[in-house]
Amino acid sequence: MLLYKHDKLAVNENFETIDGGSAFTKYNSVKKIRINHYYTKSLQEYKQKTLRGNADTNNKRVFLNDAVNFPDAVEDKTIFKYLPELKRRMRQQTDYTVV
């Protein structure tokens with residue numbers, strides 16, 4: 001069961017309650033917001049992550065070759081459509097240099 005402060009409930013992007021204390025919705029919706037979570041960005045990062053160990057315990061991580069070798073992996077470029085607008089906004093900020 002998921003517990004939230006002030007008796008709040010988990011909701012999806014349409015503010016529909018996620019039933020039964022589950023972390024999953026009944027259907028997938030990414031029309032308003034999409035968060036992609038990747039376990040690792042590269043083999044090098046995965047090796048460093050493995051050496052660091054788990055964040056919440058003193059247990060060591062085990063290097064699993066399958067965690068970084070995905071024969072059916074597809075590069076997800078969905079976010080690229082927002083890049084021109086992001087660069088435009090960053091140029092408006094004096095603290096950033098856009099390359």
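**Side-chain contacts**

Analyst: Leaving out residues up to four places away in sequence, T40 touches E45, Y46, A67 and V68. Keep in mind that this is a predicted model.

User: OK, and where is T40 found?
Analyst: T40 sits in the segment before α1, the helix that covers 43-52.

User: Is T40 buried or exposed?
Analyst: T40 is buried, because its relative accessibility is 15% and the cut-off for buried is under 20%.

User: What polar contact joins the side chains of T40 and E45?
Analyst: It's a contact of 3.1 Å between the two side chains. The T40 side chain also has a polar atom 3.1 Å from the backbone oxygen of S42.

User: Switching to rings. How many aromatic pairs are there?
Analyst: The count is one aromatic pair. Y46 and F63 form it, with 4.9 Å from centre to centre and 50° between the planes, which makes the pair tilted.

User: Which parts does that pair tie together?
Analyst: Y46 belongs to helix α1 and F63 to the loop between α1 and α2, so the pair links parts 17 residues apart in sequence.

User: And how accessible are Y46 and F63?
Analyst: Y46 is buried, at 2% relative accessibility. F63 is partly exposed, with a relative accessible area of 36%.

User: Now charges. How many salt bridges does a search of the whole structure find?
Analyst: Two salt bridges turn up. In one of them R88 pairs with E85, and their closest N and O atoms are 2.6 Å apart. The other has the side chains of R89 and E85 meeting at 2.8 Å, N to O.

User: E85 comes up in each of those. Which residues are linked in the network?
Analyst: E85, R88 and R89 are linked through their salt bridges.

User: Why would side chains like that pair up?
Analyst: In general, side chains of opposite charge can pair when their charged atoms come close. Here R88 and E85 are three residues apart in helix α2 (residues 83-92), so about one helical turn separates them. R89 and E85 are four residues apart in helix α2, again about one turn.

User: What about accessibility there: which of R88, E85 and R89 are exposed or partly exposed?
Analyst: R88 is partly exposed, at 35% relative accessible area. E85 is partly exposed too, at 33%. R89 has a relative accessible area of 52%, so it counts as exposed, since the cut-off is over 50%.

Technical notes: Residues are numbered from 1 along each chain as its sequence is written. This is a predicted model: local features need pLDDT of at least 70, side-chain atom pairs count only at pLDDT 80 or more; totals for chains, interfaces and linings use all residues. Side-chain values use heavy atoms; hydrogens and water are left out. A salt bridge is a side-chain nitrogen of Lys or Arg within 4 Å of a carboxyl oxygen of Asp or Glu. Helices (H or I, at least four residues) and strands (E, at least two) are DSSP runs, numbered from the N terminus. Buried means under 20% relative accessible area, exposed over 50%, partly exposed in between (1.4 Å probe, protein chains only). A polar contact is a pair of N or O atoms within 3.5 Å; within protein, one must be able to donate a hydrogen and the other to accept it, and residues adjacent in sequence count only if both atoms are side-chain atoms. Contact means heavy atoms within 4.5 Å. Rings of Phe, Tyr and Trp (its six-membered ring) pair if their centres lie within 6.5 Å; planes under 30 degrees apart count as stacked, over 60 as edge-to-face and the rest as tilted.
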